[in-house]
Protein chains: 2
Amino acid sequence: MVNNVWFTEYHNKNVALSVRVKDILYKDKSEYQEILILDTYDFGKVLVLDNTFQTTEFDEFIYHELISHIPLFTHPNPKDILVIGGGDGGTVREVVKHNINKVDFVELDSKVLEACKKYMPKLSCEMENEKVNIIITDGIKYVAETEKKYDVIIIDCPDPVGPAKGLFEKEFYKNVFKCLKDDGLMVQQSESPLYNLDLIKNIAKYLREAGFSIIMPYVYPMPSYPSGMWSFMLASKKYNPMEVDEETIKERLNFETKYYDEQVHKGIFLATPRFLKEAIK
Amino acid sequence: MVNNVWFTEYHNKNVALSVRVKDILYKDKSEYQEILILDTYDFGKVLVLDNTFQTTEFDEFIYHELISHIPLFTHPNPKDILVIGGGDGGTVREVVKHNINKVDFVELDSKVLEACKKYMPKLSCEMENEKVNIIITDGIKYVAETEKKYDVIIIDCPDPVGPAKGLFEKEFYKNVFKCLKDDGLMVQQSESPLYNLDLIKNIAKYLREAGFSIIMPYVYPMPSYPSGMWSFMLASKKYNPMEVDEETIKERLNFETKYYDEQVHKGIFLATPRFLKEAIK
């Protein structure tokens with residue numbers, strides 16, 4: 001039997017993406033958001049928060065490989081990692097493939113974590129790893145208050161609405177800068193260059209004001225996100241991703257990837273569309 | 001008044017993309033297909049053939065810049081160009097920005113040409129250019145029969161169904177090879193690496209069998225096409241796009257672009273996802 005049940009995300013008032021649904025595996029409302037986990041025909045299991053796709057088994061490899069391996073291979077020896085957000089666990093799963101000491105994993109919503117642990121094990125499979133230190137709190141508050149210093153901070157945030165809004169503000173970036181060692185770097189999910197160019201300009205401006213000397217966006221196709229063209233923003237105190245030796249990456253890349261490799265590492269920055277390069281000049 | 005009229009493209013049985021429609025500007029049925037031109041809120045004017053997005057004013061710059069400028073800047077001095085398909089005129093519009101002699105523009109369906117000339121002038125604006133030689137015929141037949149030799153052949157084809165099926169078959173690539181000068185090269189629209197990987201493998205195989213020594217796919221985000229991850233395949237007898245000097249491109253790039261520049265030219269090949277590089281090895 002093929003269900004004719006569809007989930008539709010409205011990207012805005014004028015564009016919508018729909019996927020045919022096999023089953024609704026989980027639905028609940030937390031203090032922060034509505035949580036939905038669907039089983040779909042084409043996108044596999046899907047996490048939806050407030051009616052917005054967060055992650056799908058179909059395309060999560062693109063997002064999670066690129067948010068993790070680009071910064072972690074840019075740093076020559078990342079040991080202490082902070083991940084903010086990403087309750088599905090996909091980012092942490094990629095981070096622990098590296099030779100790290102510890103990843104502090106700060107997630108606001110314990111209900112998302114618990115739901116994904118149960119229904120999306122392909123993503124949440126490293127939640128019990130002894131290198132993973134789960135901290136249930138607001139990432140904005142965490143970076144304001146902690147005295148820890150990290151090599152790499154990964155901000156796997158949702159769209160800048162509701163509780164995540166503060167993850168795109170100047171004060172937050174100043175605190176991220178403070179929480180990084182003198183040679184540290186960060187990466188943040190930074191929305192669609194086609195739909196959110198002004199936001200991306202602001203992010204770059206705030207990061208510059210926070211003190212980062214190297215600020216570089218990178219763009220990739222992401223089927224389940226609005227416009228299918230998505231971006232990350234890398235901000236670094238010292239290391240430039242373009243200066244990493246290909247051979248060094250090849251030696252350190254001792255695990256399987258589907259999207260990332262030592263050529264993608266540089267190519268993805270060079271391939272940044274001209275309109276985006278010019279917008280953040 | 002905001003219409004609640006939507007056009008929906010079903011990417012397959014399980015995924016659909018919908019856009020809100022302002023107006024239906026044109027609808028007709030030609031010998032080959034159903035032609036629809038819509039005015040939409042987010043995607044601007046849109047050409048739809050057999051219920052499939054062909055081109056939208058929103059994202060056409062990505063597709064048309066990359067299908068044209070990558071091959072034309074790979075060739076050191078492209079003079080004689082053949083464009084097969086792309087009745088909207090967007091590819092030809094980009095081609096005539098180069099210092100060429102002539103572009104033979106072979107389109108099967110004169111009704112598409114006429115409709116786009118009337119309703120999509122942003123794309124079809126170079127149809128009257130004296131360097132553009134419009135030939136209404138089947139591209140498959142054209143390359144089989146012509147004795148002309150080209151520097152660059154651009155195959156701006158629709159999906160491999162109906163009359164376009166033969167544009168993805170071995171015989172066609174052999175004829176394209178024959179129609180290229182000894183240092184010629186071609187580029188073809190080659191579908192989604194996420195949905196059509198087997199097709200892409202076949203294209204690469206046929207191109208190799210046809211005699212091309214350099215076969216390289218490149219990938220980019222394309223909002224209005226299925227999965228949002230789209231590809232072109234470049235096949236060349238002599239020139240490798242990675243070996244073009246950045247300074248040479250900068251000198252020759254004496255017109256405005258939104259997506260392409262001399263860094264994108266190389267970066268887009270390096271950034272090819274690992275799973276695609278491995279699939280066509």
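So, the domains of chain A: the assignment, which is automatic or from a database, gives domain 1 (5-54) and domain 2 (60-279). Keep in mind that this is a predicted model, where local features need pLDDT of at least 70, side-chain atom pairs count only at pLDDT 80 or more, and totals for chains, interfaces and linings use all residues. As for bookkeeping, residues are numbered from 1 along each chain as its sequence is written, chains are lettered from A and ligands numbered from 1 in the order in which they are written, and side-chain values use heavy atoms, with hydrogens and water left out.

Back to chain A. The centres of its domain 1 and domain 2, taken over C-alpha atoms, are 23 Å apart. In contact terms (heavy atoms within 4.5 Å), 22 residues of domain 1 meet 17 residues of domain 2.

What lies between those two domains? The second largest pocket does, because both domains of chain A give residues to its lining. A pocket here is an open set of points on a 1 Å grid over the protein atoms alone, where a 1.4 Å probe fits, with protein on both sides within 12 Å along at least five of seven lines; lining residues have an atom within 4 Å of a point. This one holds about 690 Å³, a volume being the space filled by probe spheres set on the points. Its lining has 37 residues, and A:L49, A:Q54, A:C157, A:P158 and A:D159 lie nearest the centre. Strand β5(A) gives the most, with 4 residues; strands are DSSP runs of E, at least two residues, and helices are runs of H or I, at least four.

Of its 44 lining residues, the closest to the centre are B:Q54, B:C157, B:P158, B:D159 and B:A164. Here β5(B) gives the most, with 3 residues. Domain 1 (5-53) and domain 2 (60-279) of chain B each supply at least three residues of the lining.

Last stop, helix α6 of chain B, residues 170-178. Which of its residues are buried? They are B:F172, B:Y173, B:N175 and B:V176, buried being under 20% relative accessible area with a 1.4 Å probe, protein chains only. Looking down the axis of α6(B), they fall within an arc of 160°, so they line one face of the helix; the arc uses directions from the axis to the C-beta atoms. These buried residues pack against several elements of chain B, including β6 (80-84), β10 (180-189) and α7 (197-210).

Conventions
Buried < 20%, exposed > 50% of the residue type's maximum accessible area, 1.4 Å probe, protein only.
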